[in-house]
Amino acid sequence: MNLPNKTRYVPKLANMHKVCEHNYARLLSLLPDCDTESLEYHFKVNGSLSYQMKIIDSSRYTSTIEMSQRCIDGPDFLKPVVVVRLYHDAQMAEVLTSQHIGALKPSYEYPNNKMYQRNEKEMVNLFLGEWLVFCLKHTDLLQSTSV
């Protein structure tokens, strides 16, 4: 009986940088004042679905944003929440937490107790990119408010 070869997953740094750079550019398109703390942006898609982006921290070189989906109907797992850090000097945006899972590792052994994918961090950043593309298609629905 042959056991499967357990090679450790090594993230491709160039791919991750590209995703983070694209996400940074998308976020700047959506949030022109990303350096203004306590500012919220809302995207209303229809009567039951909306998105919220809230700038929760801002400094000279970084900004931290919480992005969440609001849905009147449906279970909580259909209401994603991510916290994203924008690095202005590197022009990159990285997901810090997703679905209240903090400190995402670059890679995980698989299988693991929490059943994270081997490339969980990369997948979450790709998800953010898809989410931002969706929001960019609905920029006419953007409203900003101060908290």
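View 1. Strand β1 (residues 39-44) and strand β2 (residues 49-58) pair up antiparallel, with five bridges between them. Pairing here takes at least two DSSP bridges between two strands; strands are DSSP E runs of at least two residues, helices are H or I runs of at least four, and both are numbered from the N terminus. Four residues sit between β1 and β2 in this hairpin. Look for E40, which stands opposite K54 of β2. Since the model is predicted, local features need pLDDT of at least 70 and side-chain atom pairs count only at pLDDT 80 or more, while totals for chains, interfaces and linings use all residues. Residues are numbered from 1 along each chain as its sequence is written, and side-chain values use heavy atoms, with hydrogens and water left out.

**View 2. From β2 on to β3.** A second hairpin takes β2 into β3 by way of three residues. These two strands run antiparallel and are joined by nine bridges. K54 turns up again here, this time with E66 of β3 as its bridge partner. In a regular strand, side chains alternate between the two faces of the sheet.

View 3. T62 belongs to strand β3, which spans residues 62-71. With a relative accessibility of 19%, T62 counts as buried (buried is under 20% relative accessible area, exposed over 50%, partly exposed in between, using a 1.4 Å probe and protein chains only). Setting aside neighbours within four places in sequence, T62 touches R85, L86, Y87 and H88; contact means heavy atoms within 4.5 Å.

**View 4. Helix α1 against helix α2.** The axes of α1 (residues 13-30) and α2 (residues 120-137) come within 9 Å and cross at roughly 30°, so the two helices count as roughly parallel. Axes are lines fitted to C-alpha atoms, for helices over the stretch in contact, with angles from 0 to 180 degrees between N-to-C directions; under 35 degrees is roughly parallel, over 145 roughly antiparallel, 65 to 115 roughly perpendicular, and the rest oblique. Residues meeting across this contact include M16, V19 and L27 in α1, and L126, L132 and V133 in α2. The contact's residues split into 11 nonpolar, five polar and three charged.

**View 5. K121 in α2.** K121 has its place in helix α2. Its relative accessibility is 13%, so K121 counts as buried. Beyond neighbours within four places in sequence, K121 is in contact with M16, E94, V95, L104, K105 and P106.

Conventions:
Ala, Val, Leu, Ile, Met, Phe, Trp, Tyr, Cys and Pro count as nonpolar, Asp, Glu, Lys and Arg as charged, and the others, Gly among them, as polar.
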